[in-house]
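Here are my notes for you, written as numbered points. Keep the viewer open while you read, and look up each residue as it comes along.

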Amino acid sequence: MNLLIVEDEIEIIQGILASVCWEDIGMDSVLYATSLEEAVRKFESWRIGIVLCDIELPDGSGLDFLEWVQEKHPKTVSMIMTCHEEFDYAKRAVALGCKDYIVKPIVYEELEEKLSGIRQALQESRDNDRYQAFGREWMKQKASREETQAFTGNKADLVGQVKAYITANLKEELRVEMLAKQFYISADYLSKVFKKEEGIGIGDYIVEERMFLARELMREGRSSVSRIAYECGYDNYSYFTKVFKKKYGVTPREYMFVSAAKKL
């Protein structure tokens with residue numbers, strides 16, 4: 001994973017480079033830029049996983065740069081450096097998907113700890129994406145097989161495979177009839193087996209999984225509420241808000257705001 005430091009004072013860059021144990025936190029390469037123009041060029045040549053950016057730069061605002069990063073490279077995680085502790089800066093940074101901030105003069109142990117946490121969370125997210133992609137591909141291959149024989153495994157295996165399919169396809173339309181067709185069994189049989197094994201109906205289970213995914217995406221703070229609703233399989237934003245509030249007692253926007261405030 002590559003890190004880009006954007007800071008116009010070379011002494012600060014040198015201090016960071018010399019004081020953080022990069023191997024311990026799993027960084028492949030640590031790059032730096034002393035201007036926004038140079039930082040943009042780095043993104044053209046490197047795949048940047050994390051960007052550590054100063055707020056005040058000679059050729060523009062670091063916050064404006066983070067807005068560009070969010071638009072052009074949405075998978076890059078950002079962290080800001082600032083001499084300002086005012087909440088207004090932090091609020092805008094959070095809105096731009098910033099994971100954390102550190103106040104100058106920098107305490108290098110604190111910076112190392114925060115970067116390590118961000119790197120670990122980013123790696124876990126990438127691993128999860130790969131797992132879900134693998135699950136989706138496996139189920140596509142299964143569905144495309146020519147065999148139309150009924151499922152002959154035990155009930156626990158059946159339910160486990162149905163749950164895996166649901167997890168990998170939460171943004172898609174999920175109905176009992178469609179799930180049953182995927183496994184070449186009747187909808188009634190699938191409903192009875194699932195309820196007996198899990199103690200919950202398939203419809204309720206799907207809602208629980210979608211709400212769990214929505215909550216985790218909001219904790220990450222990298223997507224808008226409307227985008228999260230779409231990723232969780234809800235085209236109707238109002239209905240998504242209603243279901244989320246019923247589950248967690250607050251609206252999605254309220255939950256996201258509270259989660260963002262806790263990180264500051």
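1. Is Y184 buried, partly exposed or exposed? Y184 is partly exposed, because its relative accessible area is 26%; buried means under 20% relative accessible area, exposed over 50%, and partly exposed in between, using a 1.4 Å probe and protein chains only. You'll find Y184 in the loop between α7 (176-182) and α8 (187-198). Its phi is near 60°, a positive value in a residue other than glycine.

2. A word on what you're looking at. This is a predicted model, where local features need pLDDT of at least 70 and side-chain atom pairs count only at pLDDT 80 or more, while totals for chains, interfaces and linings use all residues. Residues are numbered from 1 along each chain as its sequence is written, and side-chain values use heavy atoms, with hydrogens and water left out. Helices (H or I, at least four residues) and strands (E, at least two) are DSSP runs, numbered from the N terminus.

3. Now for the sheet. Five strands make an open sheet in the order β2-β1-β3-β6-β7, and their pairing is parallel. Two strands pair if DSSP finds at least two bridges between them. β2 (29-33) and β7 are the edge strands, each pairing on one side only. On average, neighbouring strands of this sheet are turned by 20° against each other, direction ignored; here axes are lines fitted to C-alpha atoms, for helices over the stretch in contact, and angles run from 0 to 180 degrees between N-to-C directions.

4. Let's walk through some of the pairings. β1 and β3 run parallel and are joined by four bridges, with V6 having C53 in β3 as its bridge partner. β3 also pairs with β6 in the parallel sense, over five bridges, and there L52 stands opposite M79 in β6. Strand β6 (residues 77-82) is in turn joined to β7 by five bridges, again parallel; T82 has V103 in β7 as its bridge partner.

5. Take a closer look at β3. Five of its five residues are buried, so β3 is largely enclosed by the rest of the structure. Both faces are covered: I50, L52 and D54 are buried on one side, and V51 and C53 on the other.

6. Which residues have the most contacts inside the largest nonpolar core? They are L3, I16, W22, I50, L52, L111 and L115, in a core of 21 residues. A nonpolar core is a set of buried Ala, Val, Leu, Ile, Met, Phe, Trp, Tyr and Cys residues joined through side-chain atoms within 4.5 Å. The elements giving two or more residues to this core are β1 (2-6), α1 (10-19), β3 (50-54), β6 and α5. The largest share, four residues, comes from α5.

7. Aromatic rings next. The structure holds 10 aromatic pairs. Rings of Phe, Tyr and Trp (its six-membered ring) pair if their centres lie within 6.5 Å; planes under 30 degrees apart count as stacked, over 60 as edge-to-face and the rest as tilted. F43 and F65 are edge-to-face, because their planes are at 65°, with the ring centres 6.1 Å apart. This pair links distant parts of the chain, F43 in helix α2 (residues 36-45) and F65 in helix α3 (residues 62-72), 22 residues apart. Ring pairs also link Y234, Y239, F240, F244, Y248 and Y255 into a cluster.

8. For C98, the nearest cysteine sulfur is that of C53, 9.1 Å away. C98 is buried, at 9% relative accessibility.

9. Finally, check the backbone at P105. A cis peptide bond joins K104 and P105, with omega about -5°. P105 lies in the loop between β7 (98-103) and α5 (108-144).

Technical notes. Disulfide = S-S within 2.5 Å.
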